Amino acid sequence: MGYAYKISDAGAVYFITCTVNKWVDVFTRKDYCDIIIDSLNFCVENKGLIIYGYVIMSNHLHLLVQAKEEGLSDVLRDFKKFTSGTIVRAIEINMQESRRDWMLWLFKETDAEGKVAYQFWKPDNNPELCYHLPFMWQKLNYIHYNPVRAGIVQKAEEYVYNSAADYVFGKQVRRVKVALLDVVQTTYC
């Protein structure tokens, strides 16, 4: 089955959405967000991922990204494969996780041979090619204002799991390594 959105230019900038399977609110726990942050930084340091903006919401994340070495599809595939396995294992061993059995039950999939696996991420990324700078800024604003629209914070830069504060202060403030777009155009102040 094909998807309407595909990464057609491996080196271009894309707006990406990674959604947790069945929209389960996994990223309400710091431990699981830390896995995403560490994995994004690994991709920056080792796979040539350039992150211009990000937000981790309770059941999805948005990225404004580009790959300079490997193709973006390959980097995203590896990122999702690693984080899927790591987060599922973290859920399995977290005895303090009150939703553990429920979440694992929701993620459980059985293949044609009866082998059990877990499907953490939805398979598609809904990539949108960012073909010019104003469109990139539109997507960056969308990313940063996600938690404001959700009623979680009053100002985008107050949200811990996005890159808005990096843009407000013009330097890396959060743990994810972000390559800032031209900060003169920012509207977060």
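Which residue forms a salt bridge with Asp38? In this predicted model, where local features need pLDDT of at least 70, side-chain atom pairs count only at pLDDT 80 or more, and totals for chains, interfaces and linings use all residues, the partner of Asp38 is Arg175, with the closest N and O atoms 3.1 Å apart. Residues are numbered from 1 along each chain as its sequence is written, and side-chain values use heavy atoms, with hydrogens and water left out.

Arg175 lies in the segment after α5 (164–169) and Asp38 in helix α1 (residues 30–47), so the pair ties together parts that are 137 residues apart in sequence; helices (H or I, at least four residues) and strands (E, at least two) are DSSP runs, numbered from the N terminus. A salt bridge is taken here as a side-chain nitrogen of Lys or Arg within 4 Å of a carboxyl oxygen of Asp or Glu, and the structure holds 10 of these salt bridges. Side chains of opposite charge can pair when their charged atoms come close. Both partners are partly exposed, Arg175 with a relative accessible area of 41% and Asp38 with one of 46%; on this scale buried means under 20% relative accessible area, exposed over 50%, and partly exposed in between, with a 1.4 Å probe and protein chains only.

Lys177 is partly exposed, with a relative accessible area of 32%. Asp78 forms a salt bridge with Lys47, the closest N and O atoms being 2.9 Å apart, and this pair links distant parts of the chain, with Asp78 in helix α2 (residues 72–93) and Lys47 in helix α1, 31 residues apart. Asp78 is partly exposed at a relative accessible area of 21%, whereas Lys47 is buried at 15%. Salt bridges that share partners also join Lys30, Asp34, Asp38 and Arg175 into one network.

From the charged pairs we turn to the sheet. Four strands form an open sheet in the order β2-β3-β1-β6, with antiparallel pairing, where two strands pair if DSSP finds at least two bridges between them. β2 (49–56) and β6 stand at the edges, each with a single partner strand, so one side of each is left without a neighbour in the sheet. Strands of a sheet pair through backbone hydrogen bonds, either parallel or antiparallel. Strand β1 (residues 14–19) is joined to strand β3 (residues 60–67) by six bridges, and the two run antiparallel; within this pairing, Leu61 in β3 is the bridge partner of Cys18. Towards strand β6 (residues 128–129), β1 pairs in the antiparallel sense over two bridges, and here Tyr14 stands opposite Leu129.

How many of the residues of strand β1 are buried? Six of the six are, so the strand is largely enclosed by the rest of the structure. Tyr14, Ile16 and Cys18 point one way from β1, while Phe15, Thr17 and Thr19 point the other way.

Helix α3 (residues 100–107) has Arg100, Met103, Leu104, Leu106 and Phe107 buried. Seen down the axis of α3, these buried residues fall within an arc of 160 degrees, so they line one face of the helix, the arc being that of the directions from the helix axis to the C-beta atoms. The face turned away from this buried side carries the exposed residues Asp101 and Trp105. What covers the buried residues of α3 includes α2, β4 (108–110) and β5 (116–118), with contact meaning heavy atoms within 4.5 Å.

Phe107 also belongs to one aromatic cluster, together with Phe27, Phe79, Phe120 and Trp121.

Conventions. Phe/Tyr/Trp six-rings, centres within 6.5 Å; stacked < 30°, edge-to-face > 60°.
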